[in-house]
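Subject: Handover of a structural model

Dear colleague,

Please find below the structure that I am handing over to you. My notes on what was found in it follow directly after.

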Amino acid sequence: MSSEKGYKLLQGNEACVEGALAAGMKFFAGYPITPSTEVMELSAQKLPQYGGKFIQMEDEIASMAAIIGASLTGLKSMTATSGPGFSLKQENFGYAVMSEVPCVVVNVQRGGPSTGLPTSPAQGEIMQAKWGTHGDHPVIALTPGSVQETYEMTIEAFNLAEKYRTPVIMLMDETIGHMREKLIFKDPSDIKIENRKKPNCKPEEYLAYKADEDMIPPMANFGEGYRYHVTGLTHDETGFPTNNNEISGELIKRLSNKVNNNIDDIAYYEEYKLEDAEIVVIAFGGVSRSAKSAIDEMRSQGMKIGLFRPITIWPFLETQINSVADKAKEIYVAEMNLGQYFYEVDRVAGKKCPVKKINKVNGELITPKEIIDAVKGGK
Amino acid sequence: MNTNCSDITQNYYRVDKLPHIWCPGCGHGTLVNTVVRAIDKLGLNKDEVVIVSGIGCSSRAPGYLDFNTLHTTHGRALAFATGIKHANPKLHVIVIMGDGDSSAIGGNHLIHAARRNIDITTIVFNNNIYGMTGGQYSPTTPYGDFATTAPYGNIDKPFDLCNLAKGAGATYVGRGTAYHAPLMQKLIENGLQNKGFSFIEGISLCPTYYGRKNKKGDVVNMHNFLKDNCVDKKVVDKVPEKGENKIIIGELYKEPKPEYTESYKVIIDKFQE
Ligand SMILES: Cc1ncc(C[n+]2csc(CCOP(=O)(O)OP(=O)(O)O)c2C)c(N)n1
Ligand code: SF4
């Protein structure tokens, strides 16, 4: 566990590593890419100091594979990347979903598509985070809005991964990754740590993919005496491939439901000056900071405006957005893409009030003024 | 050590998963057996053996074997295996892959695992074809041979997988065949005992696609071809002419070098004082 105490001025990317270490990360595999590289560099430096392992793999595909392998032996594992690397990880990300291997994948978004704008902020992977790999699958993705929150949410990312036996995405943006702020370290005794549920049956009786009531199967680690089979093929409770239609359908539904039926447990969000707000801005990550100053400014002019900031961006916070829409007269979704989260919000809120987009894709953060102009102009 | 065939089967195979999916006469079954017999000969603890594969006919092998087994994505077995070995160096990590799996889509992982000299024993079941997808040419299909995607003869030049592994940094390299099963077993035993990246090519047979497309005759003919055309390196070392136009089998290369997880342990140990 990380022994850092007190506080330090750190980048979001560095805070991510501190959070990971505090959560018990013991393995990191990666391939460098801007703007996520500091996550990898600090992991290389710190992991061996805490008895953990680091490895620089030959590419992002291999890095994703390596953390799955490491997690199967029981080590809490993480990788970090940006845009093009996130695309490469998708096939094995799906493998982790299917084989229910806990791990954390950090994506510090940059401008895209393709190699795009390597050093500029963007939020273009909102939909890729959800649907980047093939097939129907659940996704947990968190979008921190500050350095402190990056630290705390990385701890939560590991906890959710272990608890739900699934990969969890830290969906950051360059603004958050590279911004420096004061980080106050938590006292280890104040950190709640989740660990994967272990089987308590005899090895011969272990059915590696037989889920408990909570839809999550206990997980034995390789080397502990439970010899079992792991595959990316559709499998039954024993873990072996099956073509049985009923079993196949049930597996995909269980994988989805174990996350989607627990949204309340996974839901992190912030409501800022929302109590009497008639106009609501929805923004996350770096953009939420511009939104806050825009709201403060408009409040000082007497406007009833507030912010709803999803931190858990997937699964979609349907209940929360619904109640925001019940009270709002107008909703603006501000994001550094051409409107990815907007469509989800519009699906839920669109029938209740007008939902409008504020978008920017030129490699710059959306400014407070742009939000104010959009809201005042009613665009 | 179990010499009796049924003891081997009972001890190391998941008998409830049999019969296997391989075609009659496929070389993969024999090669899997050499892996199991090597493990048995060395008396490895079953709980400490992990078998990892990619995707392909050959890569179905781990499903039949009673160890910790991981059937991964196409070409990526060595990357998964690297994570396992680095995370827990106590485990004996064995990777089984096809020629397409290991040298086309997974070629980069192969050279880098070899370069790191991480202690993994890699066994490639080389049938010179993509079996599972129905007979397309692979990076080891001989020049001029036929495949569903080489209907006019293959103009790609084939890889010598053993040379590739050696060049990339493997510290133990050997080649056996499905016909020379005792040799194959011995090479795997040696590979398992080598502290570092061991690469063993097992020449396999795919009568269903490669054999039929290239008029190699029946399975017996295909075995006879291996019998008549392979020469052990030890023989060639003494009488070089005997190796002309032949496939060289046996122990091809051995050279100890620092192993990856041990080198990393030195770094960790610095901080434990
Ligand atoms: C990303 C990806 N691409 C393609 C495939 C399809 N595929 C499955 S097995 C295979 C080839 C297997 O050939 P080889 O590795 O030589 O093994 P064999 O079946 O001959 O034993 C291919 C191309 C896949 N599963 N995944
Ligand atoms: S297709 Fe070829 S490689 Fe695959 S099982 Fe049949 S004979 Fe073996």
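In this predicted model, helix α13 of chain A, residues 368-377, lies across β12, β13, β15 and β16 of chain A. Its direction is at about 150 degrees to β15(A). Helix α10 of chain A (residues 285-300) lies across β11, β12, β13 and β15 of that chain, at about 165 degrees to β13(A).

The strands named here belong to an open sheet of 5 strands in chain A, ordered β11-β13-β12-β15-β16 and with mixed pairing. Since β11 (269-272) and β16 (355-359) stand at its edges, each has a single partner strand, so one side of each is left without a neighbour in the sheet. On average, neighbouring strands are turned by 20 degrees against each other, direction ignored. β11(A) and β13(A), the latter covering residues 305-310, run antiparallel and are joined by 4 bridges. A:Glu270 stands opposite A:Arg309 in β13(A).

A second open sheet draws on both chains: its 9 strands follow the order β10(A)-β2(B)-β1(B)-β3(B)-β4(B)-β6(B)-β5(B)-β8(B)-β7(B), again with mixed pairing. The edges are taken by β10 (229-231) of chain A and β7 (230-232) of chain B; each has a single partner strand, so one side of each is left without a neighbour in the sheet. Within this sheet, β4(B) (residues 120-126) and β6(B) (residues 198-203) pair in the parallel sense over 6 bridges, and B:Ile123 stands opposite B:Ile200 in β6(B). Helix α9 of chain B (residues 219-229) lies across β5, β6, β7 and β8 of chain B and runs at about 40 degrees to β7(B).

The axes of α2(B) (residues 28-42) and α7(B) (residues 181-193) come within 8 Å and cross at roughly 50 degrees, which makes α2(B) oblique to α7(B). The crossing is right-handed. Residues in this contact include B:Leu31, B:Val35 and B:Ile39 of α2(B), and B:Met184, B:Ile188 and B:Leu192 of α7(B). By class, the contact has 9 nonpolar, 4 polar and 3 charged residues.

Yours sincerely

Methods: Residues numbered from 1 in each chain as written. Chains lettered and ligands numbered in written order. Predicted model: local features only at pLDDT ≥ 70, side-chain atom pairs only at ≥ 80, totals over all residues. Heavy atoms only, no water. Axes fitted to C-alpha atoms, helices over the stretch in contact; angles between N-to-C directions. Helix = DSSP H or I, 4+ residues; strand = E, 2+ residues; numbered from the N terminus. Parallel < 35°, antiparallel > 145°, perpendicular 65-115°, else oblique. Left-handed = near helix turned anticlockwise from the far one by under 90°. Contact = heavy atoms within 4.5 Å. Nonpolar A, V, L, I, M, F, W, Y, C, P; charged D, E, K, R; others polar. Pairing = 2+ DSSP bridges.
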